[in-house]
Amino acid sequence: MARSLLHTFLGGVGTAKTVTFDLTANEALEKGDVVAATISGADGVLRKAQTQSNQVIGIVSSTTPVAAGGACKIVQSGLTTVNMTTTPGAADVGKPVFLATTHGRASLTAPSSSGHSVIRLGYIVVVNGTTSPTIVLSINHIVHLG
């Protein structure tokens, strides 16, 4: 019997576990946004991640949009949806997902310009015909392009 990609990532049988916690948003955020911490925000500590800053701490998992100053639930590992710049297809399952140069978004293409960081967010496990597929989140800062 063939093992699915999802079972391979999860180690076989059982249920996927996620690590989540709540922080305060510094700007409007929605489910699937990739976020980083900020110390210069007037409203909170979470902002949309940017490839120039080399920071990612998780992905928003709050089911409703969060306004600046609101409590925001984020995921740091496990299965979650992520907002991407384009809609991935079935052939993209298993491919790595990177922080995009568009703030707070993910992409199948790693940044390649000087001054940006390559941050792998995880791997696509389920596509659904939208720009918000399910990934196995495992944040890995690869390199800062100088």
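1. In space, the C-alpha of Thr102 is 9.2 Å from the C-alpha of Met84, and the two residues are 18 apart in sequence. As with everything that follows, this describes a predicted model.

2. For orientation, the protein chain contains 1 helix and 9 strands, and, read from the N terminus, the order of elements is α-β-β-β-β-β-β-β-β-β. Of its 146 residues, 36% count as buried. The accessible surface comes to about 7,200 Å², and carbon and sulfur atoms account for 54% of that surface. Among contacts between residues at least 6 apart in sequence, 56% join residues that are at least 24 apart.

3. The largest nonpolar core has 16 residues, and the members that touch the most others are Val34, Val56, Val82, Val97, Leu121 and Ile135. Two or more residues of this core come from each of strand 2 (34-37), strand 6 (96-99), strand 8 (117-126) and strand 9 (134-144), with strand 8 giving the largest share, 3 residues. There is also a second, separate core of 8 residues, which includes Ala25, Val66, Cys72 and Ile74. As general background, nonpolar side chains in soluble globular proteins tend to be buried together.

4. Arg47 itself lies in strand 3, residues 46-48. Arg47 is buried yet has no salt bridge, the nearest side chain of opposite charge being that of Glu27 at 6.3 Å. Beyond residues up to four places away in sequence, Arg47 touches, among others, Glu27, Leu29, Val34, Ser53 and Gln55.

5. How are strands 6, 8 and 9 joined to one another? Strand 6 and strand 8 run antiparallel and are joined by 3 bridges, and in this pairing Val97 stands opposite Gly122 of strand 8. Strand 8 and strand 9 also run antiparallel, with 8 bridges between them, and Arg120 has Asn140 of strand 9 as its bridge partner. Strand 8 is mostly covered, with 7 of its 10 residues buried.

6. Ile142, which is placed in strand 9, is partly exposed, with a relative accessible area of 43%. Leaving out residues up to four places away in sequence, Ile142 touches Val118, Ile119 and Arg120. The C-alpha atoms of Ile142 and Ser117 are 7.5 Å apart, although the two residues are separated by 25 residues along the chain.

7. Ser61 is in the loop between strand 4 (58-60) and strand 5 (71-81).

8. The structure holds 4 salt bridges. In one of these, Asp22 pairs with Lys73, and the closest N and O atoms are 3.2 Å apart; the pair links distant parts of the chain, with Asp22 in strand 1 (residues 19-24) and Lys73 in strand 5, 51 residues apart. Asp22 is partly exposed at a relative accessible area of 48%, and Lys73, at 33%, is partly exposed too.

9. Glu30 forms a salt bridge with Arg105, with the closest N and O atoms 3.8 Å apart. Glu30 lies in the loop between strand 1 and strand 2 and Arg105 in the loop between strand 6 and strand 7, so this pair ties together parts that are 75 residues apart in sequence. Both partners are partly exposed, Glu30 with a relative accessible area of 36% and Arg105 with one of 22%. Together with Asp33, Glu30 and Arg105 are linked in a network of salt bridges.

10. Lys95 and Asp92 also form a salt bridge, their closest N and O atoms being 3.1 Å apart. Here Lys95 is partly exposed, with a relative accessible area of 37%, whereas Asp92 is buried, at 13%.

Conventions
Residues are numbered from 1 along each chain as its sequence is written. This is a predicted model: local features need pLDDT of at least 70, side-chain atom pairs count only at pLDDT 80 or more; totals for chains, interfaces and linings use all residues. Side-chain values use heavy atoms; hydrogens and water are left out. A nonpolar core is a set of buried Ala, Val, Leu, Ile, Met, Phe, Trp, Tyr and Cys residues joined through side-chain atoms within 4.5 Å. Buried means under 20% relative accessible area, exposed over 50%, partly exposed in between (1.4 Å probe, protein chains only). Helices (H or I, at least four residues) and strands (E, at least two) are DSSP runs, numbered from the N terminus. Contact means heavy atoms within 4.5 Å. Accessible areas come from the Shrake-Rupley method with a 1.4 Å probe; for residues, only the protein chains shown count as cover. Lys and Arg count as positive and Asp and Glu as negative; His and the chain ends are not counted. Two strands pair if DSSP finds at least two bridges between them.
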